[in-house]
Amino acid sequence: MASNSERGYPTNGSVYVCNLPEGTDESMLAEYFGTIGLLKNDKRTGRPKVWLYRDKVTNEPKGDATVTYKDPHAALAAVEWFNDKDFHGSIIGVFMAESMGSNAGVDVGFEDDAAKEMDGGGGRGRGRLDSSGKMWQQEGDWLCPNTRSVM
């Protein structure tokens, strides 16, 4: 049976954004992505629900994020409108994200199986290989399907 995402219906209001330029912060993302729909507010902080992935050691942004809309259909519109567009000098990738497993909102993955199987990745902070020659990742890391270099 096809999932909601396979039928074109969003399962949640989250989008995954990759290839963000250095200096990007949560408020920049909220302003940019908020132009297409209302962002969901974090219950704890009251701020727009924008998660900027950061290196666990340096706390520096890795170049990818998730943004959550109040209306899941706005998330679909964001993918169509913002994917492969310029964001402060970088061409960003914007993709639907969906919760995987029973911990909704904790483990977020791509809807596109091809993106899950990618060996390479975009976004800063990647490029290290483990001893087996595979891309090194930490829990919660994303592989960006947009592998074009934008330098």
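How many bridges join strand β2 to strand β3? The legends below begin with that pair of strands.

**View 1. Strands β2 and β3 form a hairpin.** Four bridges join β2 (residues 50-54) to β3 (residues 61-68), and these strands run antiparallel; two strands count as paired if DSSP finds at least two bridges between them. Strands (E, at least two residues) and helices (H or I, at least four residues) are DSSP runs, numbered from the N terminus. Six residues lie between β2 and β3, and in this turn N59 has a positive phi of about 65 degrees. The bridge partner of R54 in β3 is P61. This is a predicted model, in which local features need pLDDT of at least 70 and side-chain atom pairs count only at pLDDT 80 or more, while totals for chains, interfaces and linings use all residues. Residues are numbered from 1 along each chain as its sequence is written, and side-chain values use heavy atoms, with hydrogens and water left out.

**View 2. A salt bridge joins the side chains of R54 and E26.** The distance between them is 3.6 Å, N to O, where a salt bridge is a side-chain nitrogen of Lys or Arg within 4 Å of a carboxyl oxygen of Asp or Glu. The pair links distant parts of the chain, since R54 belongs to strand β2 and E26 to helix α1, 28 residues apart. The structure holds one salt bridge. R54 is partly exposed, with a relative accessible area of 32%, and E26 also counts as partly exposed, at 29%; buried means under 20% relative accessible area, exposed over 50%, and partly exposed in between (1.4 Å probe, protein chains only).

**View 3. Strand β1 is largely enclosed by the rest of the structure, because five of its five residues are buried.** S14, Y16 and C18 point one way from β1, whereas V15 and V17 point the other way. In a regular strand the side chains alternate between the two faces of the sheet. β1 pairs with β3 in the antiparallel sense over five bridges, and the bridge partner of S14 in β3 is T68. In the loop between β1 (14-18) and α1 (26-33) lies N19, which is buried, with a relative accessible area of 14%. The side chain of N19 reaches the backbone oxygen of I91 at 2.6 Å, a polar contact being a pair of N or O atoms within 3.5 Å (within protein, one must be able to donate a hydrogen and the other to accept it, and residues adjacent in sequence count only if both atoms are side-chain atoms).

**View 4. Helix α2 has a buried side and a face turned away from it.** The residues A74, A75, A78, V79 and F82 of α2 are buried. They lie on the same side of α2, because they cover an arc of only 150 degrees around the axis, the arc being that of the directions from the helix axis to the C-beta atoms. The face turned away from this buried side carries the exposed residues E80 and W81. D71 caps the N-terminal end of α2, with a side-chain oxygen 3.0 Å from the backbone nitrogen of H73.

**View 5. I36 lies in the loop between α1 and β2.** At 26% relative accessibility, I36 counts as partly exposed. Leaving aside its neighbours within four places in sequence, I36 is in contact (heavy atoms within 4.5 Å) with residues including Y69, A74 and W81. The C-alpha atoms of I36 and W81, 45 residues apart along the chain, are separated by 8.3 Å.
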